[in-house]
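I opened this entry to look up the overall fold first.

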There are 2 protein chains.
Amino acid sequence: MLKWKITVSIYELQNIDNNTKARAGALHTIHGEIETPVFMPVGTAGSVKTLSPQDLKECKTQIILGNTYHLHLRPGENTVELFGGLAKFISWHGPTLTDSGGYQVFSLADRRKITEEGATFRSHLDGSELHISPEKSIEIQTKLGSSVMMCFDECVSSPCEYSYAENSAERTARWAKRCKNAKKENGQLLFGIIQGGVYHDLRKKSAEQIVDTGFDGYAIGGLSVGEPNETMYEVTDRVTEYMPADCARYLMGVGTPEDIITGIGLGIDMFDCVMPTRNARNGLLFTSKGKLRIKRAEYKLSDDSVDDECGCYTCKNFSRGYLRHLYKSGEILALRLNSLHNIYYYLSLVNGARNAIKLNSYSEYKKNFFNKINGGF
Amino acid sequence: MLKWKITVSIYELQNIDNNTKARAGALHTIHGEIETPVFMPVGTAGSVKTLSPQDLKECKTQIILGNTYHLHLRPGENTVELFGGLAKFISWHGPTLTDSGGYQVFSLADRRKITEEGATFRSHLDGSELHISPEKSIEIQTKLGSSVMMCFDECVSSPCEYSYAENSAERTARWAKRCKNAKKENGQLLFGIIQGGVYHDLRKKSAEQIVDTGFDGYAIGGLSVGEPNETMYEVTDRVTEYMPADCARYLMGVGTPEDIITGIGLGIDMFDCVMPTRNARNGLLFTSKGKLRIKRAEYKLSDDSVDDECGCYTCKNFSRGYLRHLYKSGEILALRLNSLHNIYYYLSLVNGARNAIKLNSYSEYKKNFFNKINGGF
């Protein structure tokens, strides 16, 4: 009997823009395909704050991110597993990505200790001690059942001394191997993370070590942690040179619309950031003409939508005047309508980028974006 | 030339249940028809807390309530008028009802003074003094452009001495005439409010005075303010005897599902209450089997929906376990999913009542409701 073996690559490169490094592609996961470039809304503890899965679908969200550290603390990975994994638990019918807890090594720096074995945290909820090692992180992420898991790494802050960044990147490489060894063959993808701070030689070495170990995709970690924008762009530009073209590239924790448009031009496929949701809750809205602070008095009587180029539920139905009133009155609906807009804006921006890349017109798309943003209202 | 003048009554009585006083009907407003009995979600300051107009439509909301006192303070009736009235301001494509500020005479008792002219409040927002008279209340409600306006009244607390209740009801009757005189002929409806505390003779006299003045519909105010349930039911039962059968009857600020089912059986057509939304934000869910406190530990691993008889977005998509997790984690989404369920539950309950009345089976509907509620989980 003749048998055909059809091999589908994990990342499918569909086009590279003629004039930039921007790529259009698709990432294949057990929970579905993700068209790239893609922005992934952050659902820290099992909820993209204020938004329902229905809201996220209306924004054309493809994949959402969950935080291993937060989900481990509450409700616990065993609970999530009992419900059939993260996606089923939160009623999200699509792919998910879990971080590894490595970011909390950075963000909870005053609450953790690092050894070769792993990191020990004091819970930000009740102060209890918890230990996350590479093996533990993979165990948790396996139970969470995400489509894409991330290696447990150390994300160093900026500025960070060379020797610390070097030792940390070396440890991250050793941890990456342990993560790979701990992974089950269950269809979940595992991405490696390149560290090395702002030092090009360390980044190069880290990239080589991580790529040499071999993962389903590669991420650049440790950026957008306090360094100047130009440094972030420069490091990204160089590091992508060491990343395989036939694998997805993920720039972790980035960023502003400007960062994302720039990152796409440097060959990045995946982004995540709390910025659209967190800023929304603080009344800061992203628009095609730049940022808009909804609480400003000038919007009190404005019957304009937030962004006349936006097709989101908020922009199609509500005036700046009403949104300002909701925000000033402390109405919870304000937080949701703002979040809905910002997420829709981010995803539309990235979707527009993808279309432009397919038409080999990304440099024009990027130029138009910056012209409009800088033009203001 | 022959001309036909078609007169549509404001309230259209469609059926009275064979075995109870329950009525099915319709209220015709300039912003559309409302099928009764009806429950009106409360949108205090221009938002039914946590819910969008889309959410409300999905719950089959027919009419929402706005609070004159709150909207007067923020954003102010002139602002709302500039946006084309309350419905347009909040993007609600349907009827609205505004209260008169009279309820705040009760709820802000320590912040107001009453004279024959009206009530003087200190703002709960900034302490500034504001004055609401019958004429001012109608002026504000006219600018808010609600489909149904309410007369400015004094809602007394319970217990309330006979002499105070008597004087207050007399003043409310005088204020009602001033409201009627202040009303413009612009299609907005104006409802009179019957007061008189728990005293049957005062209620009878108040009803006669208010009905004698003549309004587009009639409300029973001053109940659900601390008196025993049985007293509320008894007063309602008696007062409806003095209310015209060809006008809508509104029991203000009521109440629990039990109160509403009982009230419908006594011939009430309209209800409003913050209970479904406020309790939702406190994690208390109303179900066909009674109340459910979502934070209870027993639901941690429950894959059941909140109410297996409920067709709301929350019940169709989420487990008790996930809703408990959201609530315990302080996620804003918890407040919305809970509110969505409670509003859907209230509206389905009242819609079911309407269908039963049309089939002359309301007493059976009521019996089934109480049997199930009392049966528990």
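**Chain A, overall**

I started with contacts in chain A between residues at least 6 apart in sequence: 68% of them join residues at least 24 apart. I note that this is a predicted model.

Next I looked up the secondary structure. Chain A comes to 15 helices and 16 strands.

Then I checked the dimensions. Along the principal axes, the C-alpha atoms of chain A fill a box of roughly 60 × 60 × 50 Å. I compared the radius of gyration with the globule rule. A compact globule of 377 residues would have a value near 21 Å, and chain A has 21 Å, so the two agree.

I also looked up burial. Of the 377 residues in chain A, 55% count as buried.

**Helices H10 and H14**

How do H10 and H14 of chain A pack? H10 of chain A covers residues 257–265, and H14 of chain A covers residues 332–358. I read an angle of about 20 degrees between them, with the axes 11 Å apart. Angles under 35 degrees count as roughly parallel, and H10(A) and H14(A) are therefore roughly parallel to each other. The crossing of H10(A) past H14(A) is right-handed.

I then listed the residues that make this contact. H10(A) supplies A:Pro257, A:Ile260, A:Ile261 and A:Ile264. H14(A) supplies A:Tyr346, A:Leu349, A:Val350 and A:Ala353.

Eight are nonpolar, with no polar and no charged residues.

Notes
Residues are numbered from 1 along each chain as its sequence is written. Chains are lettered from A and ligands numbered from 1 in the order in which they are written. This is a predicted model: local features need pLDDT of at least 70, side-chain atom pairs count only at pLDDT 80 or more; totals for chains, interfaces and linings use all residues. Axes are lines fitted to C-alpha atoms, for helices over the stretch in contact, and angles run from 0 to 180 degrees between N-to-C directions. Helices (H or I, at least four residues) and strands (E, at least two) are DSSP runs, numbered from the N terminus. Angles under 35 degrees count as roughly parallel, over 145 as roughly antiparallel, 65 to 115 as roughly perpendicular and the rest as oblique. A crossing is left-handed if the near helix is turned anticlockwise from the far one by less than a right angle, and right-handed if clockwise. Two residues are in contact if their C-beta atoms, placed from the backbone, lie within 7 Å. Ala, Val, Leu, Ile, Met, Phe, Trp, Tyr, Cys and Pro count as nonpolar, Asp, Glu, Lys and Arg as charged, and the others, Gly among them, as polar. The radius of gyration is taken over C-alpha atoms; the globule rule is 2.2 Å times the number of residues to the power 0.38. A residue is buried if 20 or more other C-beta atoms lie within 10 Å of its own, exposed if 12 or fewer, and partly exposed in between; C-beta atoms are placed from the backbone.
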